Amino acid sequence: EVQFVESGGGVVHVGGSLRLSCAASGFTFSIYDMSWVRQAPGKGPEWVSLINHGDGSTNYADSVKGRFTISRDNAKNTLYLQMNSLKPEDTALYYCARWGDYVIHPSKRWGHGTQVTVSS
């Protein structure tokens, strides 16, 4: 069974930083493209970032480009999201997903997620 455990969220001031982690299990992590997705209160899911399983290439939503960095450690089956220069509009529940699963089921969440709150 595919499982994700997200952690690292919290409350930070505008301009602060957080590093999120996503521990994956139940599948061969190293062969899947992985993504971070977020959902703000009262809004639908928003794709944040993607990392390729092969060459490690990355993509970002325009709203986070230049501020967030996605990475992965295949030996630890863990996905990361370094978030810098945080803004109030980054406040959301953040969760990880296999990219292919997210494309097919964009509203589904596989883990509990981790809450990020940016206070102004």
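Strand β9 and strand β10 (residues 114–119) run antiparallel and are joined by three bridges. Strands, like helices, are DSSP runs numbered from the N terminus (helices: H or I, at least four residues; strands: E, at least two), and two strands pair if DSSP finds at least two bridges between them. Opposite Val116 in β10 stands Ala92. This is a predicted model, in which local features need pLDDT of at least 70 and side-chain atom pairs count only at pLDDT 80 or more, while totals for chains, interfaces and linings use all residues. Residues are numbered from 1 along each chain as its sequence is written, and side-chain values use heavy atoms, with hydrogens and water left out.

Strand β9 also pairs with strand β4 (residues 34–39), in the antiparallel sense and over six bridges. There, Met34 has Arg98 of β9 as its bridge partner. Strand β9 covers residues 92–98, and seven of its seven residues are buried. Buried means under 20% relative accessible area, exposed means over 50%, and partly exposed lies in between (1.4 Å probe, protein chains only). Ala92, Tyr94, Cys96 and Arg98 are buried on one side of β9, and Leu93, Tyr95 and Ala97 are buried on the other.

The next topic is the aromatic rings. The whole structure holds five aromatic pairs. Rings of Phe, Tyr and Trp (its six-membered ring) pair if their centres lie within 6.5 Å; planes under 30 degrees apart count as stacked, over 60 as edge-to-face and the rest as tilted. One of the pairs is Phe4 with Phe27: the centres are 5.7 Å apart and the planes are at 70 degrees, so this pair is edge-to-face. It links distant parts of the chain, 23 residues apart, with Phe4 in strand β1 (residues 3–7) and Phe27 in the loop between β3 (18–25) and β4. Phe27 also pairs edge-to-face with Tyr32, with ring centres 5.3 Å apart and planes at 90 degrees. Phe4 is buried at 4% relative accessibility and Phe27 at 15%, whereas Tyr32 is partly exposed, at 31%. Ring pairs link Phe4, Phe27, Phe29 and Tyr32 into a cluster.

Most residues other than glycine have a negative phi. Asn77, in the loop between β7 (68–73) and β8 (78–83), has a positive phi near 50 degrees. Ser85, in the loop between β8 and β9, has a positive phi of about 50 degrees. Asn77 is partly exposed, with a relative accessible area of 29%, and Ser85 is partly exposed too, with 43%.
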